[in-house]
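Visitor: I would like a quick tour of this chain. Please take me through the folding and packing step by step.

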Amino acid sequence: MFTKLTKCFKKITQNISNRGRLTEKNIKNTLREIRITLLEADVSLIVIKKFIKKIKKRYLGKEINNSLTPGQEFIKIVKHELIRIIGKKNYSIKFLPKKLSIFLIIGLQGAGKTTSIGKLSQLFKDKFKKKILVTSIDVYRPAAIKQLEIIASKIKIDVFKSNNLEKPIDIAKRAVEYAKIKKYDLLIIDTAGRLHINQKLMQEIQNIHYYINPIETIFVVDSMIGQDSINIIKKFQEFIFITSVFLTKLDSNARCGIALSIKYLTKIPIKFLGTGEKINDIKMFNPKKIASRILGMESILSEIKSIEKKIDKNYINKLNKQIKDYHSFDLNDFLKQIYQIKKMGNIQFLLNKLPINDNIKNNILFQMNDSTILKTESIINSMTIKERNYPNIINISRKKRIALGSGTTIQDINKLLKQFKSIKKIMKKIKNIGFIKLFNRIKNMIL
């Protein structure tokens, strides 16, 4: 899902995050890349224009004071505007308390309505513990009723029997009465697929909708149809009130641009996503998570939480005080940092996914293994206390002595001192932030 879109956005964010300074020119180039990416993903041109305009308005002329790089702030703006376009509010599922809730499932033929009912039923049964009854009023398609019965039997929910000789509205009426008598929590009604140009069938669904008054009318959309589905939804809206969209076949559509267009153009929220053929391949739509996924940030937050648990807070608080006066940061602190980062675990995985400068990602501090840690520890332990506190005094004769004592080479010592200077520069950059705030800032960028 969103594979191609994510790949393109990841490339864009990596390019912009490596810039220490953003100009109107490179922002313009980045926005052009975003525009092309969204067009290739089959996002509506109207939505793209609005999206780009909002980003440009929020960023140009804005002072960037609170991030490691201006590029990070730019990515955060992109993410927030992406959420705004997709649908800022995370809409919940409506159920009537202590009453029968009726869901009407509508859409074009072949969109996957009956399969989607199975997925919805499984979700509501497992997540919300609902007692569910399903029925089909599709008397036009051969075996439609039988298909629903087979799906219902697999997930062990009840079916209200119907047949092809009855009128759809009569089946719906009887199903509602039966569900009320038997005290079901939820009745899901499967309807026949219909084209919006078929006046007879549209009038039929309008009458059914009026009679049963469903709390949710879910329009099932095949994501592979693309932008045409927008016009179809709007035509259906002329006949009945649609409360939500179920977007199917996202596993087979690499572009998925329709997911970024529906809410903005129809004002109807997407509430469900079909991500595969299995009955459990369903997700409740979450704008923040979708935006994070598109920008390639989905797996980062769990890594940050895992790392935070392993951080020695007492040492970090002490280090934060030293960082404020970064000149006091010495090789003793450097060694302690190495131990902290080793304890964190897969820090390189996190750094590779974060929109931060390559100079930070490639620092030896974040590439330590047991062998390099042992070598670094040996070098630092072979120094005098004065040399650890004031690395600048280490000249060639001192390097020869340290190399002899640690069983390393002068080149190893030069490399270590070079990396230490690089880390010290980083400390200067983040001295007013602190490590804990830094992690929180990264989380805020992802959330």
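Visitor: How many helices and strands are there in the protein chain?
Guide: Keep in mind that this is a predicted model. Both kinds of element occur in the protein chain, and the count is 21 helices and eight strands.

Visitor: What share of the residues of the protein chain count as buried?
Guide: Buried means under 20% relative accessible area. The protein chain has 447 residues, and the share that counts as buried is 52%.

Visitor: What part of the contacts with a separation of 6 or more comes from residues 24 or more positions apart?
Guide: Take the contacts in the protein chain with a separation of 6 or more. Residues 24 or more positions apart account for 76%.

Visitor: Are helices H2 and H3 roughly parallel or roughly antiparallel to each other?
Guide: H2 covers residues 24-40 and H3 covers residues 45-59. Their axes come within 10 Å and cross at roughly 160°. Angles over 145 degrees count as roughly antiparallel. H2 and H3 are therefore roughly antiparallel.

Visitor: Which residues does phenylalanine 51 touch?
Guide: Leave out residues up to four places away in sequence. Phenylalanine 51 then touches Ile34, Leu38, Val78, Glu81, Leu82 and Ile85.

Visitor: Are H5 and H6 roughly parallel or roughly antiparallel?
Guide: Helix H5 (residues 113-127) and helix H6 (residues 144-155) have axes 10 Å apart. They pack at an angle of about 25°. Angles under 35 degrees count as roughly parallel. That makes H5 and H6 roughly parallel.

Visitor: How do the residues of the contact of H5 with H6 divide?
Guide: H5 brings Thr114, Thr115, Ile117, Gly118, Ser121, Gln122 and Lys125. They meet Gln147, Leu148, Ile151 and Ile155 in H6. The division is four nonpolar, six polar and one charged.

Visitor: What is the phi of alanine 143 near?
Guide: Most residues other than glycine have a negative phi. Alanine 143 lies in the loop between strand E2 (132-136) and H6. It is exposed, with a relative accessible area of 54%. Its phi is positive, near 70°.

Visitor: Is asparagine 213 buried or exposed?
Guide: Asparagine 213 sits in the loop between helix H8 (199-212) and strand E5 (216-222). Its phi is also a positive value, near 50°. Over 50% relative accessible area counts as exposed. At 59%, asparagine 213 is exposed.

Visitor: How far apart in space are glutamate 40 and glycine 257, C-alpha to C-alpha?
Guide: Glutamate 40 is in helix H2 and is partly exposed, at 41% relative accessible area. Glutamate 40 and glycine 257 are 217 residues apart in sequence. In space, the C-alpha to C-alpha distance is 8.3 Å.

Definitions and conventions. Residues numbered from 1 in each chain as written. Predicted model: local features only at pLDDT ≥ 70, side-chain atom pairs only at ≥ 80, totals over all residues. Heavy atoms only, no water. Axes fitted to C-alpha atoms, helices over the stretch in contact; angles between N-to-C directions. Helix = DSSP H or I, 4+ residues; strand = E, 2+ residues; numbered from the N terminus. Parallel < 35°, antiparallel > 145°, perpendicular 65-115°, else oblique. Contact = heavy atoms within 4.5 Å. Buried < 20%, exposed > 50% of the residue type's maximum accessible area, 1.4 Å probe, protein only. Nonpolar A, V, L, I, M, F, W, Y, C, P; charged D, E, K, R; others polar.
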